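Here are my notes for you to read with the model open beside them. Take the points in order and find each piece as you go.

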Amino acid sequence: MPYAHITGWGMYVPEPVLTNDDLAKIVDTSDEWIRERTGIRERRIARAHEFPSTLGTKAALQALSVANLRPTDLDLIICTTSSPEYVFPATAALIQDQIGAPQAGAFDLMAACSGFIYAVNMAAQAIRSGSIRNALVVGTETLSRFVNWQDRSTCILFGDGAGAFVLQASSQPGGVLSAVMHSDGSGGNLLTLPVLGGRVPANEATLHRGHQYIYMDGREVFRFATRMMVSATEEVLRNARLSKEEVSLIIPHQANYRIIETAARGLRLPMERFVVNVDRYGNTSTASIPIATVEAVQSGRLKPGDTVVFVGFGAGLTWGALAAKWTGPLPSPRKITVSRYRLVGRVRSLLRRLQRYLEGLIWGRKA
Ligand code: COA
């Protein structure tokens, strides 16, 4: 049975920065309140021409470049997002087209902020089963478009960004060691975004009631998050037969500094063992774990051979954790220029569209 290694990683955050002081000009809040209660100082906000697929594509290309893998060698793309570009088509399919990955199946996975852990686990399971060799997992968000900028209890929390991992099969032991995924739909009402779904139509009445925005019971989510971060981490380590002492780094979902601090206390681990960057990006939902990972690699905190635990929670309610032996790129004979493959992919995509247009002319279009 092959092992599933994480061989590439990438991130992209939009340039515009929204600070706490900027927010204090919009709603009744202050930099001090936000920093004390959440640890957040600023977040990034996507520009008008940036969408989940735009951000996700940039992170994906970087991840492929690190892995030194051609987009054409991808068998599977899983995009996980809490702010999809459309209900359908899947954001994963938009990314498949933009990176030029003609052999890849593509689908979206919805598990809110736990999505990245779920998706990496699903990709790893597909590789371990032998059915695929190369997978791309993307977490991408433009949650700023679903935030009620009049609601001070939620608008301070979220930010935009994307992160991606490449996973590849190898006979070398290592990579994803174990994972746990959990859910409790009885708490679904605690964190919701109603209008994108089929239950609450987008009409004048529902829009007037603000159903197109994120609703959250902050205190309840806080209590749930601190409990589940501890239990999921302990469970995944038990399954992987690892002790806490063997873990080099824990990369948690970045929702609130106080949640991470409380979980660290619960696990009796020092904060130095946790990666925290919520201060600079806020909660980027499915993108927060890969963004934190990329920064940990870049700062030298995460190195090949290290044991790392990813742990997250989110709407659903959902939660999960994944333990991995950190690998890095697999050896390959020559350096690949990913942008060249992307260019070919763009041309292929244009030709497909042209072909469809011409076929429409030949066979006639129904009005
Ligand atoms: N600025 C100033 N005051 C604010 C505020 C803000 N941005 N947001 C809320 N308040 C006020 C409330 O109105 C309330 O005032 P009141 O006591 O007069 O009613 C007071 O602050 C305390 O509100 P509370 O909701 O109890 O604050 P809190 O300490 O629980 O912090 C959160 C609020 C949202 C920061 C916190 O609950 C949290 O982080 N929850 C988890 C959220 C999360 O992680 N969500 C994503 C999951 S993936």
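1. Let's start with helix α4, where T91, A92, A93, L94, I95, Q96, D97, Q98 and I99 are buried. That makes 9 of its 9 residues buried, so α4 counts as mostly covered. Do keep in mind that this is a predicted model.

2. What do the buried residues of α4 pack against? Their partners are helix α3, the strands β4 (76-80), β5 (105-109) and β6 (134-141), and helix α12 (338-363).

3. Now look at α3 and α4 as a pair. Two packed helices are described by the angle between their axes and the distance between those axes. Here, the axes of α3 (residues 52-67) and α4 (residues 91-99) come within 9 Å and cross at roughly 55°. Angles of 65 to 115 degrees would count as roughly perpendicular and those under 35 as roughly parallel, so α3 and α4 are oblique to each other. The crossing of α3 and α4 is right-handed.

4. Which residues make the contact between α3 and α4? From α3 you'll find P52, S53, G56, T57, A60 and L61, and they meet T91, L94, I95, Q98 and I99 of α4. Sorted by class, this contact has 6 nonpolar residues, 5 polar ones and no charged ones.

5. Step just past the end of α4 and you reach G100, which takes a positive phi of about 75°.

6. While you're at α11 (residues 288-298), check how covered it is. This helix is mostly covered too, with 9 of its 11 residues buried. The buried ones are S288, I289, P290, I291, A292, T293, V294, E295 and A296.

7. Next, the ligand. How many residues surround the ligand? There are 21, and the closest are T29, R152, G218, F222 and A255. By class, the shell divides into 11 nonpolar, 7 polar and 3 charged residues.

8. Finally, see where the shell comes from. Helices α2 (31-38), α6 (152-155) and α8 (218-239) each supply at least two of the residues around the ligand. Which helix gives the most to the shell? That's α8, with 5 residues.

Definitions and conventions:
Residues numbered from 1 in each chain as written. Predicted model: local features only at pLDDT ≥ 70, side-chain atom pairs only at ≥ 80, totals over all residues. Buried ≥ 20, exposed ≤ 12 C-beta atoms within 10 Å, placed from the backbone. Helix = DSSP H or I, 4+ residues; strand = E, 2+ residues; numbered from the N terminus. Near = placed C-beta within 6 Å. Nonpolar A, V, L, I, M, F, W, Y, C, P; charged D, E, K, R; others polar. Axes fitted to C-alpha atoms, helices over the stretch in contact; angles between N-to-C directions. Parallel < 35°, antiparallel > 145°, perpendicular 65-115°, else oblique. Left-handed = near helix turned anticlockwise from the far one by under 90°. Contact = placed C-beta atoms within 7 Å.
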